[in-house]
Amino acid sequence: MKLPQTVNILLLGSGGREHAFAWKIAQSERLEKLYIAPGNAGTRNCGVNVDLDPANFPALKQFVLNNYINLVVVGPEQPLVDGVKDYFLNDPEIRHIPVIGPSQEAAQLEGSKEYAKAFMARHGVPTAAYFTVTPENVEQGCAFLAEKVKAPYVLKADGLAAGKGVLILNDLQEAQQELRAMLDGKFGAASKKVVIEEYLSGIEVSVFVATDGRSYKILPEAKDYKRVGEGDTGLNTGGMGAVSPVPFATPEFMEKVRTRIVEPTVRGIQEEGLDYTGFIFIGLMNCGGDPMVIEYNVRMGDPETEVVLPRITSDIIDLFEGIAHQTLHEKTLEITPQTAATVVCVSGGYPGSYPKGMVIEGLPEGEASAPNGSVVFHAGTALKNGEVVTSGGRVLAVTSFGNSIPEATQHSYQTIDRIQYDGKYCRRDIGRDLL
């Protein structure tokens, strides 16, 4: 099967990742119309923003029928974990419309840390030792911390916690106290179950895979920066920047990733009969040259998407077609060797409380590209009285190309310096640790 030659697409989401997808989709000659639900102030330059809640599946159905949608692309994880793919497949009126993303069960690879770890164990995917704790076996969990793992101690909420459900602690007593607090609802329903993990020492890298459930393509890898302060200090955030390619992700290292992690993951998906047509984000730790899996995500990462998609030079709708109709092995993935770097501008106070509604000035006119070739992806922005204003903690992701990490980041910082809003903050050391 194939998509029509020209395609109407509904893209779900409103962040920087979705703006990057919209920007890439809009470049395709095969695009007829692109709708983004709900989108942001930047995505309106790539298509039509529609006031739709991605969690309202009946409303999505009505929209795709009314607007002759041929393909639905899901950006964030929540609709996938909530079963948007299953909703479409189980409705005779819309089951013919492909959804880029896994089924609800397959989405448990991100929706449940325990599910993911058990999947890895079944299929021989290298990962840290773990123990699952519930209120019923909390004493065993405390004993596991004391006897089976060494500091630092890693505690992960089993469910989705908006990137905030992981604690890394150096003191055993504090770790045992926090374990009890998590089970008592520190992260809400997400931490009714907690996974204790062995701490992995090394440097992180994000690997992205497109799969139709049988074959796969490995997309450009990236490294992101999660802490708010320079030198990787301060609180964890959703991500303060990213670079791609990653210098230590050599062909030799990536071959280990392919054979030890990607192959058994995709094979496991197929053997277990999981419906998975979409993207797998594999968070890895490079432990002395050997890749170990930290976690799976069932969608593209943010802000990594803002450096991964710009490096792909082939047609993304063609890629979607291969994913949706299990012809991915027939598709060609072309990647530029140039370096891409994105720097995230956030609101003052983020990741704590922060003001909203700050007017943003100095944005490139019309399309996202700035004079020096930077692309300004909107993350937390909105339109108010004709002006672009801040509406979230992470406001913009400014992506640039270069022949090196310093050149690419310099272009992004030059663009950022032209953009102004009250409380603007960004890290000035993105990529510096890789030099």
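This is a predicted model: local features need pLDDT of at least 70, side-chain atom pairs count only at pLDDT 80 or more; totals for chains, interfaces and linings use all residues.
Residues are numbered from 1 along each chain as its sequence is written, and side-chain values use heavy atoms, with hydrogens and water left out.

When I say helix or strand, I mean DSSP runs numbered from the N terminus, helices being H or I of at least four residues and strands being E of at least two.

Let me stay with α2. Phenylalanine 57 lies in this helix, which covers residues 57–66, and at 10% relative accessibility phenylalanine 57 counts as buried; buried here means under 20% relative accessible area, exposed means over 50%, and partly exposed is in between, with a 1.4 Å probe and protein chains only. Within α2, the buried residues are Phe57, Leu60, Lys61, Phe63 and Val64. Because they cover an arc of only 165 degrees around the axis, they sit on the same side of α2, the arc being that of the directions from the helix axis to the C-beta atoms. The cover over these buried residues includes β1, β2, β4 (71–74), α3 (78–81) and α4 (84–89). Phenylalanine 57 itself, not counting residues up to four places away in sequence, touches Pro79, Asp82, Gly83, Val84 and Tyr87, where contact means heavy atoms within 4.5 Å. Its C-alpha atom is separated by 17 Å from that of glycine 39, 18 residues apart along the chain.

How many residues of helix α1 (residues 16–26) are buried? Ten of its eleven residues are, so to speak, under cover, and among them are Arg17, Glu18, His19 and Lys24 as well as Phe21 and Trp23. The buried residues of α1 pack against β1 (7–13), β2 (31–38), β16, α10 (305–311), α11 (316–324) and β19.

Now to the cores, where a nonpolar core is a set of buried Ala, Val, Leu, Ile, Met, Phe, Trp, Tyr and Cys residues joined through side-chain atoms within 4.5 Å. The largest one holds 72 residues, and Leu10, Val72, Ile282 and Tyr296 are the members that touch the most others. Helix α9 (residues 251–271) gives this core its largest share, seven residues. A second, separate core has 44 residues, including Ile9, Phe279, Ile317 and Val375.

Which residues does leucine 10 contact, once its neighbours within four places in sequence are left aside? They are Tyr35, Ala37, Val50, Leu60, Phe63, Val64, Ile69, Leu71, Val72 and Val73; of these, Leu60, Phe63 and Val64 are buried residues of α2.

Isoleucine 282 is in strand β16 (residues 276–287) and, at 1% relative accessibility, counts as buried. Leaving aside neighbours within four places in sequence, isoleucine 282 is in contact with Val205, Ser206, Val207, Val209, Ile261, Val262, Val293, Glu295 and Tyr296. From isoleucine 282 to valine 375, 93 residues apart in sequence, the C-alpha to C-alpha distance is 25 Å.

Let me turn to the sheets, in which two strands pair if DSSP finds at least two bridges between them. Strand β15 (residues 241–244) pairs with β18 over four bridges in the antiparallel sense, and valine 243 stands opposite alanine 341 in β18.

Threonine 339 is also in β18 (residues 339–346), and is buried, with a relative accessible area of 9%.

The other sheet I will show is open, with four strands in the order β6-β9-β7-β8 and antiparallel pairing. Its edge strands are β6 (130–133) and β8 (166–169), each pairing on one side only. Tyrosine 130 stands opposite glutamate 197 in β9.
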